[in-house]
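I open this notebook to record what I looked up in the structure, entry by entry.

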Amino acid sequence: MRLLLVEDEQRLAETIARGLGLEGFVVVIASTGPDGLWRATEESFDVIVLDIMLPGMSGYQVLRALRARDVRTPVLMLTAKDGDHEEVDALDMGADDYLTKPFSFIVLIARLRALLRRNAPQQHPILSAGDLRLDPARRTVHRGDVELTLTPREFGLLEYLLRNKGTVLTKLEILRNVWDAHYDGPENVVEVYVGYLRRKIDTPFGCASIETRRGVGYLLADEDRPANRLGSRTTNLAPP
Ligand code: CA
């Protein structure tokens, strides 16, 4: 169970990390808002514990940016004061739960366990194409029996391709749906990430599920409907 702890108070962070480690969590600590956002976007976590008062960006800003980027990792926010206002804010902003400082470690563990249980429902059906399977609830990807490790961005890209399998998607559509609407980085980021994805989901297995449509975009082949391929083969093999 990987947990990202975004907390700038070093002693508190280390104490929490040590305790969570004993409970079986693998804890990564980020001590500023931007570092937390970067790690939450580029790495895979099962849950995020996010402080509100952070250097660089507030916990609220981090949370807003994460949800805008479609990172749906459950977030438990640590609110500094016990006012109804902050609690409502945390939940309104898309946090899944909150805990008011100071809190007991036992309560933190209980809340985290509840959050993880709640966020593994069967409401998100598994997406597949051939023997490639993506489970949005468990955040897992398999090629056959092999579990693949994707970063959240790679996962988001594959999820978007799978939801639209059999359809050619332009780079702009992919950018808008997988990156946030205000992304203004290099435009070839889609090509770069398609490359990363191919190296994980296709190349090692001798597959070519992501097709490039030159000048247009990309298409994830719908291997669940091999009718076209079988159809043409059948035609070829059919007696004259
Ligand atoms: Ca703080």
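**Entry 1: the sheet.** Over how many bridges do strand 11 and strand 12 pair, and in which sense? I find 4 bridges between strand 11 and strand 12 (residues 217-220), in the antiparallel sense. I note here that the model is a predicted one.

**Entry 2: a helix pair.** I turned to helix 7 (residues 171-178) and helix 8 (residues 189-201), whose axes come within 10 Å. I recorded a crossing angle of roughly 80° for the two. Helix 7 is therefore roughly perpendicular to helix 8, since angles of 65 to 115 degrees fall in that class.

Which residues meet there? From helix 7 I list Lys-171, Ile-174 and Leu-175, and from helix 8 Val-189, Val-190 and Glu-191. Sorted by class, the contact of helix 7 with helix 8 holds 4 nonpolar and 2 charged residues, with no polar ones.

**Entry 3: Lys-101.** I located Lys-101 in the loop between strand 5 (97-100) and helix 5 (105-118). Is Lys-101 buried or exposed? Its relative accessibility is 16%, and Lys-101 therefore counts as buried, the cut-off being under 20%.

I next looked up the polar contacts of its side chain. The side chain of Lys-101 is joined to that of Glu-7 by a polar contact of 3.0 Å. A polar contact with the side chain of Asp-51 is recorded at 3.2 Å. Setting aside neighbours within four places in sequence, I find Lys-101 in contact with Glu-7, Glu-9, Leu-12, Asp-51, Leu-78, Thr-79 and Ala-80.

**Entry 4: the chain.** To close, I looked up the totals. The chain has 9 helices and 12 strands. Of its 240 residues, 42% are buried. Among contacts between residues at least 6 apart in sequence, I note that 54% join residues at least 24 apart.

Methods: Residues are numbered from 1 along each chain as its sequence is written. This is a predicted model: local features need pLDDT of at least 70, side-chain atom pairs count only at pLDDT 80 or more; totals for chains, interfaces and linings use all residues. Side-chain values use heavy atoms; hydrogens and water are left out. Axes are lines fitted to C-alpha atoms, for helices over the stretch in contact, and angles run from 0 to 180 degrees between N-to-C directions. Angles under 35 degrees count as roughly parallel, over 145 as roughly antiparallel, 65 to 115 as roughly perpendicular and the rest as oblique. Contact means heavy atoms within 4.5 Å. Ala, Val, Leu, Ile, Met, Phe, Trp, Tyr, Cys and Pro count as nonpolar, Asp, Glu, Lys and Arg as charged, and the others, Gly among them, as polar. Two strands pair if DSSP finds at least two bridges between them. Buried means under 20% relative accessible area, exposed over 50%, partly exposed in between (1.4 Å probe, protein chains only). A polar contact is a pair of N or O atoms within 3.5 Å; within protein, one must be able to donate a hydrogen and the other to accept it, and residues adjacent in sequence count only if both atoms are side-chain atoms.
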